[in-house]
Amino acid sequence: MSTTKNTTRAQESTNAIERLYITMRHLFNRGFYKPMGVSGETLRNALLQLRPEIYGTIADEKSELNGLIYVLERLPEGIEQCRFINLTSDEGYSKSHFQAIVPPKRRRNCYRIDDEQMNIEITRGRSDIYDILTHLTFLFIESYKISKRVLIGDTEKTIRDWDKLESAVNKTKLTQAEREIAIIHTANILGRSFAEIMEVYEKFATKKNPDRFLKIIYWLGKLAIEEELTSDKRAITFTPLLRERLGHHIHGERWADGIKSTLKTAGLIDRPIHIISANMHSVMNSLFAKKALAKEFPNKESLEIYEQLSSSENTALRKKITDIALKNGMIAIDDLSGTNIDVQIFDTAKFTDDVCCYSFSKDIPSEKKPIIFVMDYAFGEQAYETIDELLRPYKFKKNQEVFLDIESISIMGKAGILEGGKGDLMIPSAHIFEGTADNYPFKNELCADDFKDKGLKVLEGTMVTVLGTSLQNKDILKFFHASTWNVIGLEMEGVHYQKAIQSASKIRKSIREDVKVRYAYYASDNPLETGSTLASGGLGTTGVKPTYLITEKILEQIFNN
């Protein structure tokens, strides 16, 4: 007698993620789709089945507020007003009269073409498309909830709360009393309390638009209502140029060639190179801050200085360090390739003891002293594109090429932790790719003992590279954590970095086979804990300590090994 085994929530969720990605790729190849039509239904249903932690109450009737904040910080301002969203390649809009709109938490150029259309430039690969389409699907689901609560039956009439909200939105400026009245009506529309709305109201506000929250809800509802009552459907399109270019490393190749050209011009291309993927401040500050700010902070520990530098009020101090770094061996390369990855190159031969906190032995001749190459964070699959192109030999003449002398590659990043809290550390011994059995074990030059007795929890084990952080739920994560994969955290780039490193060192032989690799992550969130997901807000100063602990340990190994 056969028995049928019921699928677990983790299995259902994994299947939902697979459906999301297959559908997204199909729609991309097709060139367009209507999110609230039949073609978008698979995306909506899969996301509703998945119910990612970051999107909170997406599957409930009431509207999700923290998820809405998270999504709108990563999409261009005004997108909720646009019926047509066009995903494009870099097609020259920067040379037009259009002003680029850059979301606060994602470096991507967006252009409001007219009242109805928003164009979003995709220069960072498929991960960028997945990220945008997932967030847009969340927005469309939320907008549909609003129209469902606002329309009376099968008629074209709307409830009184909606009429009052519309009246408030059409006013140039609201008094405090008018604002609170509008919030009460909006709370009824969203199925939330007045107190819940007030708690998030300021998070949506901008200087020019203090009542932005009301306008966002109104426009989300307005377009969904019009879809219900007319044939005016919202549409997402992918330009032919984007579909043609995607996957061909156009931006990564342009980025890498620009860097190698700079190294060649500066006479640095034959020097040993240490690559660090990190932010644009921690390496520079670790190298120069303590001595540069000796007068301002004569008795303070390094960590206290770094915390002060992370404050938005201390622009002058940060500029002072940058100026000193530029005079003592740093070359800054702002990105012009479209990758949105800036670069700093440090010539350690120009470091002097009176300025820099680190130095190599004087016995090493200047022409043998290495270069420290710092690149800003890549995004998902973009990590493979950029590192793969960077590690290729540089062709400076038709039949002449230079192989870069890469001594080490260090990756510092933020990740979700599965056992611990914000700011704790994860040291991976392998990366596995979500949805596959693809696995990339490696010898990590960093280990948990390097960070012992620093007041932070340190986990060592496997990291899973996910297809998108916004697609994870507790069921999948609990399975990862409890299974024999021994997963300690999740991030988006590890597999892609390691795939490029291994192909360059083990197969293509474009870099040395014994290249040293270092990976370390600090926890930006714990998606297994309610209130600790990415939607709960940023790290603030909590991220300063782990960022600099990792940075200083990487530099210590570079200078002492």
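This is a predicted model: local features need pLDDT of at least 70, side-chain atom pairs count only at pLDDT 80 or more; totals for chains, interfaces and linings use all residues.
Me: Why are helices α5 and α6 called oblique to each other?
Reply: Helix α5 (residues 160-169) and helix α6 (residues 176-190) pack at an angle of about 135 degrees, their axes being 9 Å apart. Roughly perpendicular covers 65 to 115 degrees and roughly antiparallel begins over 145, with the rest counted as oblique. The two helices are therefore oblique. The crossing of α5 past α6 is left-handed.

Me: Which residues make the contact between α5 and α6?
Reply: From α5 come Arg160, Asp161, Trp162, Lys164, Leu165 and Ala168, and from α6 come Ala182, His185, Thr186, Asn188 and Ile189. By class, five of the contact residues are nonpolar, three polar and three charged.

Me: What makes β1 and β3 the edges of the open sheet?
Reply: The five strands run in the order β1-β5-β2-β4-β3, with mixed pairing. β1 (32-33) and β3 (110-112) each have a single partner strand, so one side of each lacks a neighbour in the sheet.

Me: How do you know that β2 and β5 pair?
Reply: Pairing takes at least two bridges. Strand β2 (residues 84-88) and strand β5 (residues 235-238) have four bridges, in the parallel sense. Leucine 87 is opposite phenylalanine 238 of β5.

Me: Why is the aromatic pair of phenylalanine 288 and phenylalanine 346 called tilted?
Reply: Their centres are 6.4 Å apart, and the limit for a pair is 6.5 Å. The planes make 35 degrees; stacked needs under 30 and edge-to-face over 60, so tilted is what remains. Phenylalanine 288 lies in helix α11 and phenylalanine 346 in strand β8, 58 residues apart in the chain. The whole structure holds 16 aromatic pairs.

Methods:
Residues are numbered from 1 along each chain as its sequence is written. Side-chain values use heavy atoms; hydrogens and water are left out. Axes are lines fitted to C-alpha atoms, for helices over the stretch in contact, and angles run from 0 to 180 degrees between N-to-C directions. Angles under 35 degrees count as roughly parallel, over 145 as roughly antiparallel, 65 to 115 as roughly perpendicular and the rest as oblique. A crossing is left-handed if the near helix is turned anticlockwise from the far one by less than a right angle, and right-handed if clockwise. Contact means heavy atoms within 4.5 Å. Ala, Val, Leu, Ile, Met, Phe, Trp, Tyr, Cys and Pro count as nonpolar, Asp, Glu, Lys and Arg as charged, and the others, Gly among them, as polar. Rings of Phe, Tyr and Trp (its six-membered ring) pair if their centres lie within 6.5 Å; planes under 30 degrees apart count as stacked, over 60 as edge-to-face and the rest as tilted.
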